[in-house]
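The sequence and the model are shown first.

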Amino acid sequence: MSIDYDRAGAMKAFDETKAGVKGLVDAGIRKIPPFFFRPPDHLDGINPSNSDGATARLQIPVIDLRGSDSDSARRKEVVAELRRASETLGFFQVVNHGVPAPVLDEMLAGVRTFNEAAAEVKREYYSRDPAKKVRFNSNFDLYQAPAANWRDSLSCAMAPEPPRPDELPLACREITFQYANHIQKVGIFLFELLSEALGLNRDHLNEMECAKGLGVVAHYYPPCPEPHLTLGISKHSDPDFLTILLQDQIGGLQVVHQNQWIDVPPLPGALIVNIGDLLQLISNDRLKSVEHRVLANKSVDPRISVACFFSTHFYPSTKLYGPIKELLSNERPMYKEVSAKEYVTYYKSKGLDGQSALNYFKI
């Protein structure tokens with residue numbers, strides 16, 4: 001990189017196009033701008049065992065939810081599977097979750113249609129104003145993170161107070177409401193199972209309002225001309241209670257386990273679930289919020305995913321969250337109490353810098 005490279009100016013010029021990474025691709029660039037270059041220590045990977053820095057020796061668990069709402073014996077089995085996955089990997093996939101396949105397909109199609117619309121259509125929604133319930137931009141932390149990532153995102157705060165229908169792009173308006181409604185039901189059920197996995201009453205986490213707030217963030221990863229130089233999303237953990245992710249068949253998601261990157265391969269019809277920072281905090285480190293990343297897209301087609309974040313920061317709440325008292329009979333609290341809004345504000349202020357925000361709130 002040239003010593004006189006104006007990084008801040010280049011980022012500002014990119015941001016002001018309001019066209020995102022897709023705009024760069026449409027312009028026919030062959031070399032990515034230097035502010036997308038991931039730092040050298042990230043390029044080294046974490047004990048890489050192949051060219052992508054991932055190991056194939058471990059698979060993310062796939063948990064079948066069929067019957068767990070009606071069969072007590074099956075429910076105990078599912079709770080045990082959930083506990084093992086959440087205490088170790090922090091990630092698992094679920095099938096037979098109740099969201100119809102056509103809804104999954106239509107959600108992904110709607111995201112693609114919006115992102116591939118004319119630039120002037122998308123510019124109407126481009127914003128960095130956190131007060132807006134619906135906003136489109138590229139890299140929420142563009143001006144804070146060490147490097148920009150190769151993706152564009154449409155963020156929608158869907159619960160407990162959803163936006164007006166006309167605030168959402170027409171291309172994905174109806175399906176986003178429909179999909180969010182399905183996912184909120186899945187989330188409420190998963191919080192029941194996770195409460196039981198912690199040895200609590202099944203309603204404990206839901207009574208703590210863990211499922212009350214829901215944000216839907218649709219990511220679009222265009223093909224990258226130099227995928228080895230950047231990332232789709234830098235290494236991070238999620239600043240929520242629980243994340244439910246829908247991904248297409250392109251792949252690229254990886255999670256850290258035992259100092260190695262593990263691929264999370266696409267599984268048709270499945271939803272990926274991961275424990276968020278706030279759930280690790282209130283479980284006093286019993287459940288693990290694990291770092292993950294997305295590789296830059298090598299495919300000729302765009303990669304599309306839809307992440308649903310359960311958190312109370314989507315609405316005005318002063319509720320404080322600390323380690324659950326019922327879990328502290330034989331151990332000391334590892335974290336101080338914090339509101340979801342305070343946690344997310346700190347998380348966003350530092351950007352995706354590869355460091356866990358949880359460390360800041362440790363006692």
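Leaving aside its neighbours within four places in sequence, which residues is Pro323 in contact with? The model is predicted, and in this model the contacts of Pro323 are Leu281, Ile282, Asn284, Leu328, Pro333, Met334 and Tyr335. Pro323 is placed in the loop between strand 14 (320-321) and strand 15 (338-339). Its relative accessible area is 10%, so Pro323 is buried, the cut-off being under 20%. Gly28 lies 295 residues away from Pro323 along the chain, and the C-alpha atoms of the two are separated by 51 Å.

**Main sheet**

Eight strands form an open sheet with mixed pairing, in the order 2-3-11-8-13-6-5-4. The edges are held by strand 2 (62-64) and strand 4 (134-137); each has a single partner strand, so one side of each is left without a neighbour in the sheet. From one strand to the next the twist averages 25°. Strand 4 runs antiparallel to strand 5 (residues 152-159), and 4 bridges join the two. Within this pairing, Asn137 has Ser153 of strand 5 as its bridge partner.

Helix 4 (residues 72-88) packs on the sheet and touches strand 2, strand 3 (91-95) and strand 11 (271-275). The direction of helix 4 makes about 160° with that of strand 2. Helix 5 (residues 101-115) lies across strand 4, strand 5, strand 6 (214-221), strand 8 (242-247), strand 11 and strand 13 (303-310). Relative to strand 13, helix 5 runs at about 110°.

**Helix 5 and helix 7**

Two packed helices are described by the angle between their axes and the distance between the axes. For helix 5 and helix 7, the axes come within 10 Å and cross at roughly 135°. With this angle, helix 5 is oblique to helix 7. The crossing is left-handed. On the side of helix 5, the contact is made by Val103, Leu104, Glu106 and Met107. Helix 7 contributes Ile175, Thr176, Gln178, Tyr179 and His182.

In soluble globular proteins, nonpolar side chains tend to be buried together. The largest nonpolar core here has 90 residues, of which Tyr179 and Ile282 touch the most other members. Helix 7 (residues 173-197) supplies the largest share of this core, 11 residues.

What does Tyr179 touch, once its neighbours within four places in sequence are left aside? The contacts of Tyr179 are Val99, Val103, Leu104, Met107, Leu246, Leu271, Val306 and Cys308. Ile282, for its part, is also among the contacts of Pro323. A second, separate core has 13 residues, including Phe14, Leu24, Trp150 and Cys224.

Strand 12 (residues 292-295) has both faces covered. His292 and Val294 are buried on one side, and Arg293 and Leu295 are buried on the other. Strand 12 pairs in the antiparallel sense with strand 7 (residues 231-236) over 3 bridges, and Ile233 stands opposite Val294 of strand 12. Strand 9 (residues 253-257) also pairs with strand 12 in the antiparallel sense, over 3 bridges. In that pairing Val255 stands opposite His292 of strand 12.

**Local backbone features**

A cis peptide bond joins Ala159 and Pro160, with omega of about 10°. Pro160 is found in the loop between strand 5 and helix 7.

Two asparagines have a positive phi although neither is a glycine. The table gives their values.

| Residue | Phi | Loop | Relative accessibility |
|---|---|---|---|
| Asn139 | about 70° | between strand 4 and strand 5 | 1% |
| Asn259 | about 60° | between strand 9 and strand 10 (260-263) | 52% |

Are Asn139 and Asn259 buried or exposed? Asn139 counts as buried, because its relative accessibility is 1%. Asn259, at 52%, counts as exposed.

Key
Residues are numbered from 1 along each chain as its sequence is written. This is a predicted model: local features need pLDDT of at least 70, side-chain atom pairs count only at pLDDT 80 or more; totals for chains, interfaces and linings use all residues. Side-chain values use heavy atoms; hydrogens and water are left out. Two strands pair if DSSP finds at least two bridges between them. Axes are lines fitted to C-alpha atoms, for helices over the stretch in contact, and angles run from 0 to 180 degrees between N-to-C directions. Contact means heavy atoms within 4.5 Å. A nonpolar core is a set of buried Ala, Val, Leu, Ile, Met, Phe, Trp, Tyr and Cys residues joined through side-chain atoms within 4.5 Å. Buried means under 20% relative accessible area, exposed over 50%, partly exposed in between (1.4 Å probe, protein chains only). Angles under 35 degrees count as roughly parallel, over 145 as roughly antiparallel, 65 to 115 as roughly perpendicular and the rest as oblique. A crossing is left-handed if the near helix is turned anticlockwise from the far one by less than a right angle, and right-handed if clockwise.
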